[in-house]
Amino acid sequence: MHNGQAPQGGDAAVDSSARPVRLAPLKEDLPPEKRALAEDLRHVFLSLGVSVRRYAARRHLDASSVTRYLNGDRVPPWSFIAGVVADLGETQAPLTGEAEEALRELHRAALRSNGRRSEVERLQDRLSEADEKTRRLRIQQRALEEMLQDRETRLAELRGRCRNLEMRLEQQHFAHHAELEVWREEYSDLQEEVHCLRQVLATTRTELIEAEERCHRLEARLETLHAGDGDEPDRPRSLMVMLEEADRTASVPELVRVVGDLELHTRKATAGELVRSVSRSRTVAEVAGLLIALRRAGYDAHVQTALPTMVTGRPVADIGALAHALYREGLDDYVLTLLQASVEFHVSADLVVFVRALDSAGLHEHAESLLGAVAAVRPVGDLVTVTECLARGELNPAVTTAMSVAAARRSVPDLVALSLGLREADAPELPSLADALQAAAARQRSASDVLHFVDSLALSGLGRDADKVFESTQQRGVGHLIALVYVLLQAHRYDDAWSVVVHASKTRPVDDLAALISDFYGAGRRQYAAELLIVAVRTRSAAQVRALLGALDQTFPGAGGVVRTAARTGTPPAVAALLTCMERCELHDHAEAIFQHALNDIEPRLLGEFLDALARAGSRYADPTSLAERARTAAVPKVARLLLALESVGMHRHLEAVVEVQCRSAMVANFPPLVMDVESLDSRRDPVAWPVVERILDRVVDVRSPADQAALASAFEATGRTRYAEHLVARASGLHGRRFRDELKKERARYERRGVSRALWLPAPDVREDEPAQPTP
């Protein structure tokens, strides 16, 4: 844009609809900086195609001032240049960003060459920029407030819907619970009926076998009689006669041969009947030999059919001896068939005898298997009876193992009934078995089953047992613990869920805690994640805390995300405790993040509670000197929040330190917005703004010049803060007397025509955020 040469004979721009605009040539003695700025500004202005007088009238400016700007006699404020650039953008193609930045650099160079006047203009430009930024921020604030109001409305609607859904779920839960109780009663009744029918069926089967044997014997006698009465002496004997004789006198090989002949002539049913009959009448050794021989001959089906018949038709001692003989021959599947039939058909007393017989024969694993099957399928009353008989002596470990099987396989109502039966029995060994049963259930069952078991035990009067189960199940893996917390939350048992979380925070390894916190956070239970972190940090050593945060950094959302959530959702004392723990563990980045969140986002009274808790804990963040140094470089809204917070909890020594730094280092222009922020942030129910403002005003009178005090009083008068102005005037007049009154009169006379106080247009100090501002001279 700038060519470095002054135009010769004036500059002109011709527009098709207007006369050429001419400007006077630039003076030869202009400094280079001013000349460069004037040339580029004239080039931009002439591109508008309007005269100086028209442009001045359009923008409500003095035409002579516009002329001096364009001739280089005066350096224009940046607001004028920005207006020309904006007008050019409306009528023609706008300037590029590089061209506008180059124009700004020329403007700064011209200001630097302009001496003391340039300082005033520079400050005026900065005020203009700050005002523009303030305008944009206000527009953004209004937009954000509207968005926030919309989101809060939607949030309230969603909360209402959630409450309605929770009520519906609660009603459904109660309805389902009542329906479940009805089904449980019906299930219990049907279970008793099934048990009775099984006993009747076993008795009927025994009677059927006896009736069939009687029929076979009668048939054999009839055939014998018919054979004796016949006229044909060479007629062969009947089949039944042969079977009866084989049943009584045949050896094992002969019996196997007879069975083979019957199989060959498709008389399988008769062969099976022969095997069953022999199994009921011969000695255990003979029966075992027959079964073994039949197995080797390939007649396994007849053996599998005969074994259940033996269980119902022979003494239990014989069944035990037979099981031992079969086991010695390696026929484990036959032994298991005997065990299954015993579980199905034997009464409780016979089961006890059978278990003891197996154990005496050295079949300890089979005795445990039989007890496990009894624990899994037999009625609770039978199981209690068997347990009471076998709990004494060497079989107690096998009974304990059976309790684990029952805990894994039985329904929750059965487990409760079994617990009651074991607690109410007379045998002194049974209460320990009840403990083993409940511990196994707590160790093996799902979270929902365990919670159902705990509630049922409590309703049945076993409250101590319920507490033990609930405590024991919390020792399981972290996955089960997470599921347990979620089940409790779904049942709206928030206190119980929180007790589980607290217990985990004190007892679980660091990796488990990290997994719990990450899972809660990822599942949307961020409050639980934050509170678990707070409790864990307060109860663990520094090394464990560092390890915990390191483990959290390896998962979503990282330690920083959880710490910020804890700072946002925790109570002020809890957040203060978290910060002091971070200090103790030398985790300074996290501690600083927590403190910055408190300063920026917590309501002043809660911020006061937070600072008070920090001070009581001896944190360096609550040291008066530290707070004063933070206030020295902080923005005005932060300082206002800090002042109100300290006043609200009576931390007057800290308040005095912050006020002292502000009154000595801040620009006069900062005091009116500081007071207005203090007013706007103050609580309406219990206001504390006036004591804070009074401290500020009193200290301003003590340490600032009468000119600064007069400017501040005038600013308060201009903004309608008459109470503050009167207090300041009274204090300053009493301390400085005529000096202050003269300054105040001069201030009022000087700016009365403008209707605005000096303190309101005075620009902010040109300092970096980390450098203290210097007081106005």
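Trp690 counts as partly exposed, at 21% relative accessibility (buried is under 20% relative accessible area, exposed over 50%, partly exposed in between, with a 1.4 Å probe and protein chains only). Keep in mind that this is a predicted model, where local features need pLDDT of at least 70, side-chain atom pairs count only at pLDDT 80 or more, and totals for chains, interfaces and linings use all residues. Residues are numbered from 1 along each chain as its sequence is written, and side-chain values use heavy atoms, leaving out hydrogens and water.

A search of the whole structure turns up eleven aromatic pairs (rings of Phe, Tyr and Trp, the last by its six-membered ring, with centres within 6.5 Å; planes under 30 degrees apart are stacked, over 60 edge-to-face, the rest tilted). Here are two of them.

| Pair | Centre to centre | Plane angle | Type |
|---|---|---|---|
| Trp498 and Tyr528 | 6.2 Å | 65° | edge-to-face |
| Trp690 and Tyr724 | 5.7 Å | 5° | stacked |

Trp690 sits in helix α35 (residues 689–703) and Tyr724 in helix α37 (residues 722–736), so this pair ties together parts 34 residues apart in sequence. Helices here are DSSP runs (H or I, at least four residues), numbered from the N terminus. Tyr724 is buried at 6%.

Elsewhere, ring pairs link Phe45, Tyr55, Tyr69 and Phe80 into a cluster.

Definitions and conventions
Helices (H or I, at least four residues) and strands (E, at least two) are DSSP runs, numbered from the N terminus.
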